[in-house]
Amino acid sequence: MTPAAPSFAFLPGASGSPVILHVPHSAREIPAEVRAGIVLDDGALERELDHITDSHTAEIAEEAASLAGVTPWRFVNRLSRLVVDPERFPDEREEMRAVGMGAVYTRTTHREVLRLAETDPEPLVARYFRPYAQAMTDAVAERLAAVGRAVVVDVHSYPSRPLPYELHGEGPRPPVCLGTDAFHTPPGLLAAAREAFGTAVGETGLDSPFSGTYVPLEYYGTEPRVSALMVEIRRDTYMTEPGGPAGPGLTRLASALASLVAAVTG
């Protein structure tokens, strides 16, 4: 990927769909100029990518979109979260800064040095983070204008065992964790997710080990027509950890995600 190539893809769905499947952490791609600022050697970087990447989540979203009766829209990050993490707050509001994992990471999943402490995050934030955030804001605005509401479903995965960077890794680790927001996750959306994934995997949990949802800051806490839910899938339910191939569980989870999309599309 060249530096000029878009760092994300907004893939169109049906004109009447309010749903945006957001896939921020599925890629491993790191542009050469960004790689130059990472201190890990190639082998250590590949191992870190195995741990930090939500492998195959783009495929889960793609298959779900193909199965849904009304095709949802998809917003997919094409670059690794080691470039920038588009789901972090870009300022002091981000609690993950405590472990060197704000919008621009300086530490790894095992709390080792990823970038030098004196690294200035602003060039990466300007080049990658802000355009991504603006494009996601525009995507939500487009759905609001078209159908009067937007439903952002974050598609993530997480390891079966806690990694050292996790701030809340001591809690339950269900097959599917549903991350919620008090303002943006209405009861109907949560109930639809529990039904869809409960049928597919048998157990869902709430806000453990990860909580919250992604909503563009322009709408966060102010626009009730934007609803959101984070779907965190435990990796051993569909792939070989860490960073290995997908298994038959992927299709089952994609089908469950398609059921959720259908339920909230109306």
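This note walks through the main features of the structure, point by point.

1. The model is predicted. Please read each point below with that in mind.

2. **Strand β2.** Start with β2, residues 19–23. Five of its five residues are buried, so the strand is largely enclosed by the rest of the structure. Its side chains point two ways. Val19, Leu21 and Val23 face one way, while Ile20 and His22 face the other. All of them are buried.

3. **Neighbours of β2.** Which strands pair with β2? One is β4, which runs parallel to β2 and is joined to it by four bridges. Another is β3, again in the parallel sense and over four bridges. In β3, the bridge partner of Leu21 is Arg74.

4. **The nonpolar core.** The largest nonpolar core has 33 residues. Val153, Phe197, Leu229, Val231, Leu257 and Leu260 have the most contacts inside it. Several elements each supply at least two residues of this core: β2, α3, β4, β5 (176–179), α5 (187–201), β7 and α6 (249–265). Which element gives the most? That is α6, with nine residues.

5. **The largest pocket.** The space in the largest pocket is about 930 Å³. Its lining has 45 residues. Nearest the centre lie Glu87, Arg88, Glu94, Ser211 and Thr213. The elements that give two or more residues to this lining are α2 (42–52), α4 (122–147), β4 (150–158) and β7 (226–234). By class, the lining holds 20 nonpolar, 11 polar and 14 charged residues.

6. **The second largest pocket.** This one holds about 340 Å³ of space. It is lined by 19 residues. Arg97, Gly102, Val104, Thr106 and Pro121 are the closest to its centre. The lining divides into 10 nonpolar, four polar and five charged residues.

7. **The cavity.** How many cavities of 30 Å³ or more does the structure hold? It holds one. About 50 Å³ of space lies in the largest cavity. Its lining is made by Ser7, Asn77, Leu79, Ser80, Val83, Val84, Pro86, Tyr128 and Tyr132. Six of these lining residues are nonpolar, three are polar and none is charged.

8. Take Asp54 and Arg81, whose closest N and O atoms are 3.9 Å apart. Asp54 sits in the loop between α2 and α3 (57–67), and Arg81 in the loop between β3 (73–77) and α4, so the pair ties together parts that are 27 residues apart in sequence. Both Asp54 and Arg81 are buried. They also belong to a network of salt bridges that links Asp54, Arg81, Asp85, Arg88 and Arg235.

9. Glu166 and Arg173 meet at 2.9 Å, N to O. Are these two residues buried or exposed? Glu166 counts as buried because its relative accessibility is 8%. Arg173 counts as buried too, at 14%. In the other pair, Arg234 and Asp236, the closest N and O atoms are 2.7 Å apart. Here Arg234 is buried at 18% relative accessibility. Asp236 is partly exposed, with a relative accessible area of 38%.

10. **Cis peptide bonds.** Look at the bond that joins Ser208 and Pro209. It is cis, with omega about 10°. Pro209 lies in the loop between β6 (204–206) and β7. A cis peptide bond also joins Glu241 and Pro242, with omega about -15°. Pro242 is in the loop between β7 and α6.

11. **Positive phi angles.** His56 is not a glycine, yet its phi is positive, at about 70°. His56 is found in the loop between α2 and α3. With 18% relative accessibility, His56 counts as buried. Arg111 is not a glycine either, and has a positive phi of about 65°. The place of Arg111 is the loop between β3 and α4. Arg111 is partly exposed, with a relative accessible area of 40%.

Notes: Residues numbered from 1 in each chain as written. Predicted model: local features only at pLDDT ≥ 70, side-chain atom pairs only at ≥ 80, totals over all residues. Heavy atoms only, no water. 1 Å grid on protein atoms, 1.4 Å probe; cavity = no way out; pocket = protein on both sides within 12 Å on 5 of 7 lines; lining within 4 Å. Points joined across faces, edges and corners; volume = space filled by probe spheres on them. Nonpolar A, V, L, I, M, F, W, Y, C, P; charged D, E, K, R; others polar. Salt bridge = Lys/Arg side-chain N within 4 Å of Asp/Glu carboxyl O. Buried < 20%, exposed > 50% of the residue type's maximum accessible area, 1.4 Å probe, protein only. Pairing = 2+ DSSP bridges. Core = buried A, V, L, I, M, F, W, Y, C linked by side-chain atoms within 4.5 Å.
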